[in-house]
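I list below what I looked up, in the order I looked.

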Amino acid sequence: MTKSKAAFTFACRTLGKNPSLYLWTFTFKDVIAVKDTRKRWNYLLTLLLRTWPELCGIRVFELHPGGHGLHVHLVTNRFINVNQARELAHKAGWGRIHVKRVPSEKIGYVGKYLSKKRPECLKRWRLWAGFGQGWEWTKCKDVISNTLFSRVYRACKDWRGWEGRKGFFKRIAFTWQMTFKTIENGWLPGLGPNGKPYWLCCEEELDYNPQPCNAPF
Amino acid sequence: MTTDELCMEMLQGRLLLVGEYRGSQADMKEYVDKKSGEVIAYVRAIHLLELARTGRLERVVIFERLPVSIRQPEDAEFPYRKGNRMVFFLESAQWKNDQLLAFLLPGSKPEIVEDATKKAAGEAGNGAVDAPEGAPPPAPALKLVLLETTPQHPL
């Protein structure tokens, strides 16, 4: 799972606290360029928010595997008239639209496309985003990941007094070496032999040579 | 898995890594939402494989998503022995900050790689392997003599 998918899942949980959720799908009749699709989506979203100012939800871009171009999935928290929405969609240049009610626990289904390999034409795109006022959705920068590597990194940072960005790649390489030792020797994450913090361990225990050298660790 | 079977897998184009197994650890991977405090957590295994690339020894990190039934890292078991030559079938691999990270193919397990001839010899029991049907008769046993006793004829 990536940070983006985790943030999406958190945002879905926040939105899922509403009792009724609706899954919309907007498609095009013809296959058009991905960039044009984005412009048309912005236009449609503007029209929707002007008509229903309290509307909020999450939108996800999906590239249809059958080669039919870009689709947009939308999860909203309130009922909006599908006929009105269809008129607005036609005005914005969209084709077929579809809507159905979804239970809040199934909302994560929309995020399945975030796990798949990203198509080349969608590189550097914001695949999903929240919209609407009155709610704060979780963004990637709001998510902290906690893994073996990050625990070892934090322990090394405290031990070695790392500050700023200087020597980033050397720090990463050093953290990997400490992670390898942790795995090989069965240490607890972020701790040395016998559960001692790194700063309490001597060089022989950590098999660590403080002198810089070009040889592998 | 024998080396012959391994070659067959390679020729079929499967993505795999062979190296010396150095250890595994179960890790609880967590994503924490700073705003709400909610957590998404799951247990995964991290395997360490040592192999030679470009003439020097390197370690490759292989991640494996463990079943949902394993809720804590302490519940995971790794019945592999350090030092064994093992093969890992991969779903994908990527370079990140000069470190190779790989992801185990779901549904596959690491396997020990055995030498095909040694395995066959071991199965036969005394080191003799029965020849298949239609095979030519074995050559007569050679009589080895020491070189110093062999008469040296001038050319």
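I took contact to mean heavy atoms within 4.5 Å. On that rule, 26 residues of chain B are in contact with 30 residues of chain A.

The model is predicted: local features need pLDDT of at least 70, side-chain atom pairs count only at pLDDT 80 or more, and totals for chains, interfaces and linings use all residues. Residues are numbered from 1 along each chain as its sequence is written, chains are lettered from A and ligands numbered from 1 in the order written, and side-chain values use heavy atoms, without hydrogens and water.

Next I looked up the buried area (accessible area, 1.4 Å probe, that two parts lose on being put together, summed over both). Between chain B and chain A this area is about 2600 Å², and carbon and sulfur atoms give 55% of it.

I then looked up salt bridges (side-chain nitrogen of Lys or Arg within 4 Å of a carboxyl oxygen of Asp or Glu). There are 6 between chain B and chain A. One of them pairs Arg151(A) with Asp27(B), with the closest N and O atoms 3.0 Å apart.

E1 (16-33), E2 (39-53), E3 (56-65) and E5 (99-104) of chain B each supply at least two residues. E1(B) gives the largest share, 11 residues.

Notes: Helices (H or I, at least four residues) and strands (E, at least two) are DSSP runs, numbered from the N terminus.
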